[in-house]
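Q: I have a structure open and want to go through a few of its features. Can you help me read it?

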Amino acid sequence: MFSLELERLKDEVRASGAGKVLIQLPFGLRPYAIEIAKAVKGAGGLPIVQADPCYGACDVAAWAASTLGAELIAHYGHSKMLELPSGPAVIYLEARMDIDVREALEKALSLLEPYSTIGLATTVQHIHAIGFASSVLKEAGHDVRIGRAGGLVAYDGQILGCDFTTLRAIRDQVDAILVIGSKFHAIGASIATGKPTVMANPYECIAEDVSREAARVLARRYASIQEARGARSFGVIVGLKPGQMKLQQAIRALELLREAEKEAILLAANEVRPEYLADFTCLDALVNTACPRLSLEDDGSFGRPLLTFLELKVALGLMEWEELCRAGWFAAPGS
Ligand code: SF4
């Protein structure tokens, strides 16, 4: 189902002359670990598969590769997002999916009937299907807009969980959004654009309007901000993944908190997980400068508010909620 690009992988391993090759796989690609490792071995490299999670191209394992002495990282499942200043070479293997999107698209058409102009987007796994999806929409009588590549994405119409540049560029020209992919990406698109958003999910051949669910996410964010207004002590989290590290933003958050006469400390974390933070019982609230989706997806499992930087500004009275809704939750990682 996935294009593993094993021939390209072998060519790159041979060309690099790498002895050790660190392979990064998202969870969905782990069943192919043996196949991929064999390709690396066949090209003369020693394959080492990283077992830690890898959720995005923000998480290129430069530190792990250096520790292992790997000269090459084979990063699967994402398009290139970052220029790493130093360290091992990285090849990105996008793992495009060979899956029929027609049935999910046809189900989405009935949900899109009330809308004339549709903004279309998808993840890198289906980006090759965007032309086909556009023609299906046009045949059904819609106008279609696809935003140009920009921000952290490599292709026109592509979105990431934290980058909706392609949709924000066209949001004023469209009546609704169609996302080919998962609910995670569709909800992000709805929050980023404020437009009615339909998901066409080709894995399960279903379509769904996610706008109400996105509104529920925003209601939870509003409640978290309100709760944080009463907090006296804060932990400001700095993400250690290369594409998530926003140390300057974290230091700025610390300054704002101290100006507001709150107690605050910086916390560095590779994985921002409730169980790792639970014992910081001295902290009433957390500020998350790493992946913004951790805050948006938070269902209360951190046991206290987990605010983004802009949400903190709202909690401190330095920004209006409406302004936050306009600015969105998706400033580029690393910014
Ligand atoms: S920062 Fe979060 S949403 Fe963005 S690519 Fe990384 S894991 Fe995905």
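Q: How many salt bridges does the structure hold?
A: The structure holds 17 salt bridges, a salt bridge being a side-chain nitrogen of Lys or Arg within 4 Å of a carboxyl oxygen of Asp or Glu. This is a predicted model, in which local features need pLDDT of at least 70 and side-chain atom pairs count only at pLDDT 80 or more, while totals for chains, interfaces and linings use all residues. Residues are numbered from 1 along each chain as its sequence is written, and side-chain values use heavy atoms, with hydrogens and water left out.

Q: Which residue forms a salt bridge with Asp 59?
A: Lys 241 does, with the closest N and O atoms 3.3 Å apart.

Q: Are Asp 59 and Lys 241 buried or exposed?
A: Both are buried. Buried means under 20% relative accessible area, exposed over 50%, and partly exposed in between (1.4 Å probe, protein chains only).

Q: What about Arg 148 and Asp 156?
A: Their side chains meet in a salt bridge, at 3.0 Å from N to O. Arg 148 counts as exposed because its relative accessibility is 64%, whereas Asp 156, at 35%, counts as partly exposed.

Q: New topic. At what angle do H7 and H8 pack?
A: Helix H7 (residues 183-193) and helix H8 (residues 211-228) pack at about 70 degrees, with their axes 9 Å apart. Axes are lines fitted to C-alpha atoms, for helices over the stretch in contact, and angles run from 0 to 180 degrees between N-to-C directions. H7 is therefore roughly perpendicular to H8 (65 to 115 degrees).

Q: Which residues make the contact?
A: H7 gives Lys 183, Ile 187, Ser 190 and Ile 191, and H8 gives Ser 211, Glu 213, Ala 214, Val 217 and Leu 218. Contact means heavy atoms within 4.5 Å.

Q: Last one: is Thr 117 buried or exposed?
A: Thr 117 is buried, at 9% relative accessible area. Thr 117 is found in strand S5 (residues 117-122).

Notes
Helix = DSSP H or I, 4+ residues; strand = E, 2+ residues; numbered from the N terminus. Parallel < 35°, antiparallel > 145°, perpendicular 65-115°, else oblique.
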